[in-house]
Amino acid sequence: MMNQTLKRAVISAVIFAVVYLGAGLVTQMPAYDGLIKTLEFMSGIIAAGCYWIGSK
């Protein structure tokens, strides 16, 4: 059971990183825009959370 939880946690972290880093490539907005960086961060959190809940 612990192995399955660790696997889900690692996959969630990878999904967060891909969405967070990939969002900057998609939006092509300047890095100094705080609102855009917040939206990129929140989209990563939501994507990782959706995977975590859906994989249960």
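Reader: How far apart are E40 and K37 in helix α2?

Author: This is a predicted model. E40 and K37 are three residues apart in α2, residues 34-54, so about one helical turn separates them.

Reader: What do the side chains of E40 and K37 form?

Author: Start with the general idea. Side chains of opposite charge can pair when their charged atoms come close. Now the case here. E40 and K37 meet in a salt bridge, at 3.0 Å from N to O. A search of the whole structure finds one salt bridge.

Reader: Is E40 buried or exposed?

Author: Buried means under 20% relative accessible area. E40 has 4%, so it is buried. K37 has 29% and therefore counts as partly exposed.

Reader: Which residues of α2 are buried?

Author: I36, E40, G44 and A48. They lie on the same side of α2, because they cover an arc of only 110° around the axis. The cover over these buried residues includes α1.

Reader: Which exposed residues does the face turned away from the buried side of α2 carry?

Author: That face carries L35, L39, I46, C50, I53 and G54.

Reader: How many residues has α2, and what does it reach from first C-alpha to last?

Author: It has 21 residues and reaches 30 Å. That is close to the 30 Å expected at 1.5 Å a residue.

Reader: Which residues make the nonpolar surface patch of about 370 Å²?

Author: L6, V10, V14 and V18 make this patch. Take V10, which lies in helix α1, residues 2-27. Its relative accessibility is 47%, so V10 counts as partly exposed.

Technical notes: Residues numbered from 1 in each chain as written. Predicted model: local features only at pLDDT ≥ 70, side-chain atom pairs only at ≥ 80, totals over all residues. Heavy atoms only, no water. Patch = residues over 30% accessible without salt bridge, like charges linked within 9 Å, V, L, I, M, F, W, Y side chains within 5 Å. Areas by Shrake-Rupley, 256 points an atom, 1.4 Å probe, with all protein chains shown as cover. Salt bridge = Lys/Arg side-chain N within 4 Å of Asp/Glu carboxyl O. Helix = DSSP H or I, 4+ residues; strand = E, 2+ residues; numbered from the N terminus. Buried < 20%, exposed > 50% of the residue type's maximum accessible area, 1.4 Å probe, protein only. Expected span 1.5 Å × (residues − 1). Arc of directions from axis to C-beta. Contact = heavy atoms within 4.5 Å.
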